[in-house]
Amino acid sequence: MDIRKATTVDKDAVLALNKNVFGGLDYLPSYYDDFLENPIAMPFIITLDGEIIGYLCAFVVDNGETVVHRAGRISPKFQGKGFYKVLSQHVNEKVRERYNLKTRAMMTGDGNLKTQTDSFRQTNTLILQRDLVKYMVLPSHLKEFSGLLNTLPNKNVSVLEVKAYFDTEAIRKYLFPQDRMIVGLVPYRLLSSNLALLDKKNIVCVSDVKVDDEIVSGLLSIATFYKVSRPGYAYVLELYGTDMNSVRYHLLSHLDFIAKTLDDVVYILFFVDKQCQQEKISDVSAECGLVNWIDSDYKTTLECLFESNL
Ligand SMILES: CC(C)(COP(=O)(O)OP(=O)(O)OC[C@H]1O[C@@H](n2cnc3c(N)ncnc32)[C@H](O)[C@@H]1OP(=O)(O)O)[C@@H](O)C(=O)NCCC(=O)NCCS
């Protein structure tokens, strides 16, 4: 058994390891090359007798104190034999050579039964859980209501403007009650240094958050998108805040972006606070003719952030 840095040459073998990761919405095919070049990413593979049997990418955030384990996978015939554990531990040691690590973080869904076990819960703490609402957007739907989209005021903000939300206590508590912001399935602590790490090309950020007489209202929505192995795109949309008065505006803004930019089927993975009134999302989606997407290959209904001390 050997563990080494992943390379361009390994790409096909790594992507062939597991069929149907996240029901065909796997982000690794889109991000594999980026992970090789991104200074905060450290991708590794594990081999057995020269054959690649697993992959894991470490993503270092929070001023070098947190390693996020991303896109981890082991070939089905080698699963359950401890190879992932060995790979994870080795990767943490390699990252520790360069950073003063304190925490390991991982995002997962409710379909991952390992995370329900006592041994997993003994070492990992559930930091937050958000609901996942899934919609499918067909390009023809968007054309039907493009007139509606053209009337929208523009409230797109630069993701760097989110820094002001980190710095204002009332807003921070309202938007990020667990002190974490998740963007593109990566968890970040509320540090301005993290904003510089976000991939600006693929981010759509909309906000109408305001404070009146110390009452915070409005919503912040941040989306990233990538091509998936099913025909089409995944559009990972995180909604922060619970005042749903402007949810229609947010959803329409993102649909406007989708209509102008993406030319195929789009699977919206809409992550929302458990406390928010989700029926308001259903109302706007129905108005826009979005299809509620239920899929036997991707049953996940929650996103979960687990952390463990290193
Ligand atoms: C997730 C996966 C890599 C685990 O591989 P495995 O061969 O079963 O792993 P191991 O036998 O080494 O056991 C996993 C160990 O790592 C821990 N672990 C850490 N992160 C984990 C994760 N994301 N999923 C499952 N176990 C995880 C487990 O708690 C377990 O430790 P324990 O034995 O002390 O309980 C494998 O099931 C897989 O490839 N799944 C398909 C790809 C996928 O969906 N990846 C998404 C990960 S969020």
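Okay, housekeeping before anything else. Numbering starts from 1 along each chain as its sequence is written. The model is predicted, so local features need pLDDT of at least 70 and side-chain atom pairs count only at pLDDT 80 or more, while totals for chains, interfaces and linings use all residues.

Let's start with the overall layout. The chain is divided into domain 1 (2-101) and domain 2 (130-302), and those bounds come from an automatic or database domain assignment. Their C-alpha centres lie 28 Å apart. Where they touch, 16 residues of domain 1 are in contact with 18 residues of domain 2; contact means that the C-beta atoms, placed from the backbone, lie within 7 Å. On the domain 1 side, α2 (28-37) and β3 (51-61) are the elements that give two or more residues, and α2 has the largest share, three residues. Helices here are DSSP runs of H or I with at least four residues, strands are E runs of at least two, and both are numbered from the N terminus. By class, that side has nine nonpolar, five polar and two charged residues. For the classes, Ala, Val, Leu, Ile, Met, Phe, Trp, Tyr, Cys and Pro count as nonpolar, Asp, Glu, Lys and Arg as charged, and the others, Gly among them, as polar.

There's also a database view. An unreviewed UniProt entry carries the annotation "domain: N-acetyltransferase" over residues 1-133; positions are in the numbering used here, feature names are shortened, and such annotations may be inferred rather than shown by experiment. That span is 26% helix and 36% strand, with its end C-alpha atoms 41 Å apart.

Now the ligand. Which residues come nearest to it? Out of 20 around it, they are Arg73, Gln79, Tyr84, Lys85 and Lys114, where being near means a C-beta atom, placed from the backbone, within 6 Å. Two or more shell residues come from each of β4 (66-74), α3 (83-96), β5 (103-109) and α4 (118-123), and α3 gives the largest share, four residues. The shell splits into six nonpolar, ten polar and four charged residues.

β5 takes us on to the strands. It pairs antiparallel with β16 (residues 302-309) over seven bridges; pairing needs at least two DSSP bridges between the strands. In that pair, Gly109 stands opposite Glu303 of β16. β16 also pairs antiparallel with β6 (residues 125-137), over six bridges, and there Glu303 is the bridge partner of Arg130.

Elsewhere, β7 (residues 180-183) and β8 (residues 186-189) run antiparallel, joined by four bridges. Met181 has Tyr188 in β8 as its bridge partner. The hairpin has two residues between the strands, and Gly184 takes a positive phi near 60°.

Last, two single residues. Asp10 sits in the loop between β1 (2-5) and α1 (11-15). Why does Asp10 count as partly exposed? Because it has 18 C-beta neighbours inside 10 Å, and the label runs between buried (20 or more other C-beta atoms within 10 Å) and exposed (12 or fewer), with C-beta atoms placed from the backbone. Leaving out residues up to four places away in sequence, Asp10 touches Ile45 and Ile52.

Ser217, in β11 (residues 215-217), is partly exposed too, because its count is 15.

Conventions
Two residues are in contact if their C-beta atoms, placed from the backbone, lie within 7 Å.
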